[in-house]
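My entries follow in the order I made them.

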Amino acid sequence: MFSLSHHRLTALCSTTFLLGTITLAAPDPAGMDNLSGPVCEAAAPAVKSWDFQKDAQNWAFIGGWSYSGDASAVWDAANGGCLKVNVDFSDDKDQSWSEIKLSDGSATKASPIRVGSGISQASFDLYYDASQLKGDAALKAKLYASSVKDNVVIDQPIDDMGTAKAKDIPGTTWKKTHVRVIFEDKVTEDIAHLELSIVGYLTSYKGAICIDNIELK
């Protein structure tokens, strides 16, 4: 397993680039997003966050859609901790949308994620083995959430994970990208179910993908 100790993101402020409803920012090796232009104001605190420093924080693999392989989500203690997702898209390499669903099992109607005055974005760090993405192959994602009232409050595909701006992890074939998603509508209902899906697009990727620093703001 590669070392994450020198590449963990320090949550400061960043300049992002809007691409439709998605903004992406890739952290540099110094541990902060590349900055340009005037200094930004202090970022608002997260409504809910998962840093995976000690355990998987109740996140688990809960199934898939158009996905044939095995999968698991486990805590990886390597240099600070992350959620390591073991995937196998090899039998779905011709699929344009093969989805692995991850969920925080502690979010329920009885114990929902309280959104307070509302949330309008989500972000997370993604570590992946770039050597396994060749040709048109890509990794995508999706965020989904339903409320305590059974309303779908987030249903957001992420077609561009920012891999073109991903940073190399020296001495490995791995890269890291920071993904930020701006929701089309502000979420004002408490969340009873939350999913973050990893989606394979025309890829035979087999092995680990790591997720860290999930935030809702």
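**Entry 1: Ala60.** I began with the contacts of Ala60, where contact means heavy atoms within 4.5 Å. Setting aside neighbours within four places in sequence, I find Ala60 touching Ala73, Lys101, Leu102 and Ser103. Ala60 sits in strand S4, residues 59-65. I also checked Asp104: it is 44 residues from Ala60 in sequence, yet the C-alpha to C-alpha distance is 6.6 Å. Is Ala60 buried or exposed, or something in between? It counts as partly exposed, because its relative accessibility is 31%. The cut-offs I use are under 20% relative accessible area for buried, over 50% for exposed and partly exposed in between, with a 1.4 Å probe and protein chains only.

**Entry 2: ground rules.** The model is predicted, so I note that local features need pLDDT of at least 70 and side-chain atom pairs pLDDT 80 or more, while totals for chains, interfaces and linings use all residues. Residues are numbered from 1 along each chain as its sequence is written, and side-chain values use heavy atoms, with hydrogens and water left out.

**Entry 3: overall make-up.** I count 14 strands and zero helices in the protein. Both are DSSP runs numbered from the N terminus: helices are H or I with at least four residues, strands are E with at least two. Of the 217 residues, 46% are buried. I then took the contacts between residues at least 6 apart in sequence; 77% of them join residues at least 24 apart. The accessible surface is about 10300 Å², and carbon and sulfur atoms hold 48% of that. The areas come from the Shrake-Rupley method with a 1.4 Å probe; for residues, only the protein chains shown count as cover.

**Entry 4: strand S6.** S6 covers residues 82-88, and five of its seven residues are buried. I looked for its partners, pairing two strands if DSSP finds at least two bridges between them. S5 (residues 72-76) runs antiparallel to S6, with five bridges. Within that pairing, Val74 has Lys84 as its bridge partner. S14 (residues 206-216) is also antiparallel to S6, with six bridges. There, Val85 stands opposite Ile209.

**Entry 5: cysteines.** How many disulfides are there? A disulfide is a pair of cysteine sulfur atoms within 2.5 Å, and by this rule I get zero. For Cys82, the nearest cysteine sulfur is that of Cys210, 3.7 Å away. Cys82 is buried, at 0% relative accessibility. Cys210 is buried too, at 0%.
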